[in-house]
Amino acid sequence: MRKTMLRNSRLPWFFLLCGAVLALASIAFALDGQIGIHDPSTVVQSDGKFYTYGTGGSALVSDDGWTWRRGVTPGRTGLAPDVIHIGDRYYMYVAANSGVTKAAVNMIWSRALDPDAPGYKWEEGGVVASSDGIEDANAIDPGVFLDPNDGRLWLVYGSYFGYIRLVELDPKTGQRRNPNDQPRNLAINCEASDMIYHDGWYYLLATHGSCCRGADSGYQIRMGRSRKVTGPFLDHQGIDMLLGGGKLFLGSGGRVVGAGHFGLLDLGSGVQKFSTHFEADLDRGGASVLDIRPLLWKDGWPVAGENLKEGTYEIESVRTGTALELAVEGMPVGGRVARGGGRGGGRGAPGGGRGAPDAAPGGAAGGPAGTGGGGRGLFAGQGGVIPSQDAAQVSMNWPAGNIGARMGVYLLQAQQKWNIAAAPNAGGYPGSPYFKITVAGTDRALAASADSELVVVPAFTGAPEQLWRIEQLTDGTWRIMPKSVPNSKEPVALSAVGSSFATLSKFEPGSDKQRWLLKTP
Amino acid sequence: MMKFIEGTLMKLVRNLGRPSLGPLTLTAFLLVAAANTAAAQGRAPAEPAPVVPAATLMVPATPEKAPDAAGFIQRWLLLEPIDANGLTDNVVQATVKKVYFPNQFTVVPQDGDKVTVGGAELTWHAVDTKNYNVNLFHFARSLGKKTSNVLFWVVTVVNSPQEMHNVRLAIGSNAASVWWVNGEEVTGIYGDRQTVIDDGVSKRLTLKKGQNVVRGAVVNAGGATDFCVRFLDADDKPLKGFTVSVGGVRK
């Protein structure tokens, strides 16, 4: 497993606003295993595995979407393939240049992607789009799109020399529906286009900038949207992509340079991700690599999310605003302070009034001058800087053995801070490894119990019920799911119950009870 | 940006379209590609470009031409390409500051005028573009000239009916470019990039009443090359109310 330091956070602003703030020093993850590829096709699932294909016949396969290995070269190789699953067929579109702008996109198809599966055999389907070397197009970099509204199948293609173009395909055969139909021009000055649909809009995502220059590659994914699949596709400023417009979706950041070749990976239940490649991964010697990240939506535009990074978080319910905590009695940060400023006193000790105007600076209960003490009385504080509370200060009072988990008003207390770290050698899911969630500063680990409730066990053992799948939903909040529940195959997610309790229950995409904010404490 | 692939790799890329590429060929491709990042994308081979009429360019047919609806200047004098290499800031600055022909920074040429650069005779061509941008790839290809690793000089004359203050020159280019208005360098963009409207924008300028000369130098490394130019007003809206001309046009 590889870890990289996040040096240049590119979090969407609303992500910051909604409180899911990531620490700059937190740990970012790239996919694990053999992820070297250029121009990857949209990641597709087949028989429980994930597949992608790149330029030059490269192929990657993964059992879980996290750890990848080399796959088998498909029956036709070339430039920047794209793949779609329709019915019982997987259609692959792959291009080749035979001149400067003379090129063709060929289709091949197979009933399976696993070479060991009975239906695995690539059949030639012929040319579906081409450019003659003279016209304003270069027929490479295909992107295939099935319109969820009417089931029509479309292909976008093109690369810099002229236009990104659109032709219609036959979803029954994968071939061109009517070869005599003239391609429609959708964009210019870009390549590696793909189309998606969301909430009444068609989105054309295409790659601008330069590829193939390692860390000097300006590759970046930009987009426009249209009410019609045929365009016009305008960016957020109203500039037509035919005039070079395009709202930035994803560029360089962290330790990776040059994003290109967007592909939608819809996992259902409100979880969308996208595949891309980066031209240079600085932690892999500048190699071109595959990545999978969350796809979010904001104000009618897709936003590139970030996979969860290791760190210490408050886990706050979107529904209730209360925070997940170990079910123990909390100790106020800085110790108990009686009303009126007396430390350790009993409840109800007479106070000094509400900010008496004649309170002396740095009074008995207030801090010394210059430390911000508010004077004598209820609001005077206790003087000096109060250190953050960590488990070492208070955990001696916690019971041994299993302890429940519940929700409470967040008060910066140790039992409310959770450390989220990748679980070693535990596998993962598209884009991320499984995580362990422990009370920060302890080995006490959050786990699913056999009755689909929460329990905090004394130590992390790596058991499946202690492994957590944490994924960003399309609104930027997080879904937190145990890898499994003992004696159950039902997938469940961390869920708020009332304001003060949490449980595990089936994920409901339309509800906020299983949506969480991860805030840095 | 698409890069041309040279030599051995070009031959390998030609094979990419064949079904069931052999493992040795594939391995060779990957090895070469790994050694040549520009080729890793496996783009177009470096066959000589065919001479193709420039479908987006026309010979000007009127003395003056207004900008298009979005304010883009569509009439230019283009000099046939000069060999040039490099797109970084310093290299491009050095490239465009090198003197290739007399009065390089002041001349307003006529269509058909010729200059000699490095022993080669190059011609100025007056063109109108049908689009918002001027496709230099089309221009050079139509003349059987190089499109990669070249420098294009471009000039036009803006006829302003009155003095216009607080305007900005706004340009986009593939790839790097440097621009002058009335002899003053006003903006430049560098690196391997594609044409984006209003990519480079000058500080506020004044267009004098009468003729104003806009001059540009566009440097391309490989692949497509073009540029677009317009002026923005004080509200960053496209400036109109002027015409452009390029002098007499050779028939």
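**A walk through chains B and A**

Start with chain B: among its contacts between residues at least 6 apart in sequence, 78% join residues at least 24 apart (a contact means C-beta atoms, placed from the backbone, within 7 Å). This is a predicted model, where local features need pLDDT of at least 70, side-chain atom pairs count only at pLDDT 80 or more, and totals for chains, interfaces and linings use all residues. Residues are numbered from 1 along each chain as its sequence is written, while chains are lettered from A and ligands numbered from 1 in the order in which they are written.

Stay on chain B and switch to cartoon. You'll find five helices and 15 strands; these are DSSP runs numbered from the N terminus, with H or I over at least four residues for helices and E over at least two for strands. Of the 251 residues of chain B, 50% are buried, that is, with 20 or more other C-beta atoms (placed from the backbone) within 10 Å of their own.

Now select chain A and color by pLDDT, the predictor's confidence in each residue, from 0 to 100. The mean for chain A is 88, and 87% of its residues reach 70 or more. Pick out residues 1–27 of chain A: pLDDT stays under 50 there, and the model has 62 contacts for them beyond four places in sequence. Residues 344–373 of chain A are also below 50, with 71 contacts beyond near neighbours in sequence.

Next, color chain A by domain. Domain 1 covers 31–307, and domain 2 covers 313–331 + 388–519; the bounds come from an automatic or database domain assignment. Their C-alpha centres lie 36 Å apart. Where they touch, domain 1 of chain A gives 21 residues and domain 2 of chain A gives 16. On the domain 1 side, S20, strand S21 (271–281) and S22 of chain A each supply at least two residues.

Which strand gives the largest share of that side of domain 1 of chain A? S22(A) does, with six residues.

Zoom in on the sheet those strands belong to. It's an open sheet of four strands in chain A, ordered S20-S21-S22-S23 with antiparallel pairing (strands pair if DSSP finds at least two bridges between them). At the edges, pairing on one side only, are S20 (256–268) and S23 (301–304) of chain A.

Last stop: select S22 (residues 287–298) of chain A, which pairs antiparallel with S23(A) over four bridges. Show A:Leu295 and you'll see A:Ala304 of S23(A) opposite.

Terms used
Buried ≥ 20, exposed ≤ 12 C-beta atoms within 10 Å, placed from the backbone. Contact = placed C-beta atoms within 7 Å.
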